[in-house]
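Student: I would like to learn how to read a structural model like this one. Please take me through it feature by feature.

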Amino acid sequence: MGLGGCIILIAVGAILTFATDWDMRGVNLDLVGVILMIVGLIGVSTFSSIARRRRVVVPPTTPVVDEQAAHHHRRDGYSDGYGV
């Protein structure tokens with residue numbers, strides 16, 4: 001369940017708890033709404049901790065070779081042995 005699903009659970013729980021006055025035999029809608037809000041809050045906190053862990057940048061394990069520094073030669077006609 002993603003962040004959107006958790007927010008929907010919180011919203012539905014708040015609506016059931018605070019905005020309705022329905023009476024159902026054997027079901028306490030206020031308690032169901034509170035439970036949905038708690039589950040939504042747990043989901044948001046879990047999602048945020050997992051998302052924070054995903055954003056860790058791992059440095060590359062292979063060495064970076066600079067191609068220009070490895071093959072840097074002067075090409076002036078004298079350094080390659082012909083002008084000696």
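Tutor: We go from the overall fold to single residues and their contacts.

Tutor: This is a predicted model, in which local features need pLDDT of at least 70, side-chain atom pairs count only at pLDDT 80 or more, and totals for chains, interfaces and linings use all residues. Residues are numbered from 1 along each chain as its sequence is written, and side-chain values use heavy atoms, with hydrogens and water left out.

Student: How many helices and strands does the secondary structure of the chain come to?

Tutor: Helices (H or I, at least four residues) and strands (E, at least two) are DSSP runs, numbered from the N terminus. Here there are three helices and zero strands, and the pattern along the sequence is α-α-α.

Student: What percentage of the residues of the chain count as buried?

Tutor: Buried means under 20% relative accessible area, exposed over 50%, and partly exposed in between, using a 1.4 Å probe and protein chains only. Of the 84 residues of the chain, 14% count as buried.

Student: What span does α1 reach from its first C-alpha to its last?

Tutor: The expected span of a helix is 1.5 Å times one less than its number of residues. With 17 residues, α1 reaches 23 Å, close to the expected 24 Å.

Student: Which residues of α1 are buried?

Tutor: They are Cys6, Leu9, Gly13, Leu16 and Thr17. Viewed down the axis of α1, the buried residues fall within an arc of 95°, so they line one face of the helix. The arc is taken from the directions from the helix axis to the C-beta atoms. On the face turned away from the buried side, α1 carries the exposed residues Ile8, Phe18 and Ala19.

Student: Why does Ile8 count as exposed?

Tutor: Ile8 counts as exposed because its relative accessibility is 56%. Ile8 is found in helix α1, residues 3–19. Its C-alpha atom is separated by 9.2 Å from that of Met37, 29 residues apart along the chain.

Student: Where is Gly5, and how far is Gly5 from Gly40 in space?

Tutor: Gly5 lies in helix α1 and is partly exposed, at 27% relative accessibility. Gly5 and Gly40 are 35 residues apart in sequence and 7.9 Å apart in space, C-alpha to C-alpha.

Student: Which residues form a nonpolar patch on the surface?

Tutor: Like charges are joined within 9 Å, and nonpolar side chains (Val, Leu, Ile, Met, Phe, Trp, Tyr) within 5 Å. Leu3, Ile7 and Phe47 form such a nonpolar patch, with about 240 Å² of accessible area together. These areas come from the Shrake-Rupley method with a 1.4 Å probe, and for residues only the protein chains shown count as cover. Phe47 lies in helix α2, residues 29–54, and counts as partly exposed at 30% relative accessibility.

Student: Which backbone oxygen does the side chain of Thr20 reach?

Tutor: A polar contact is a pair of N or O atoms within 3.5 Å; within protein, one must be able to donate a hydrogen and the other to accept it, and residues adjacent in sequence count only if both atoms are side-chain atoms. The side chain of Thr20 reaches the backbone oxygen of Leu16 at 2.9 Å. Thr20 is in the loop between α1 and α2 and is buried, at 18% relative accessibility.

Notes. Patch = residues over 30% accessible without salt bridge, like charges linked within 9 Å, V, L, I, M, F, W, Y side chains within 5 Å. Salt bridge = Lys/Arg side-chain N within 4 Å of Asp/Glu carboxyl O.
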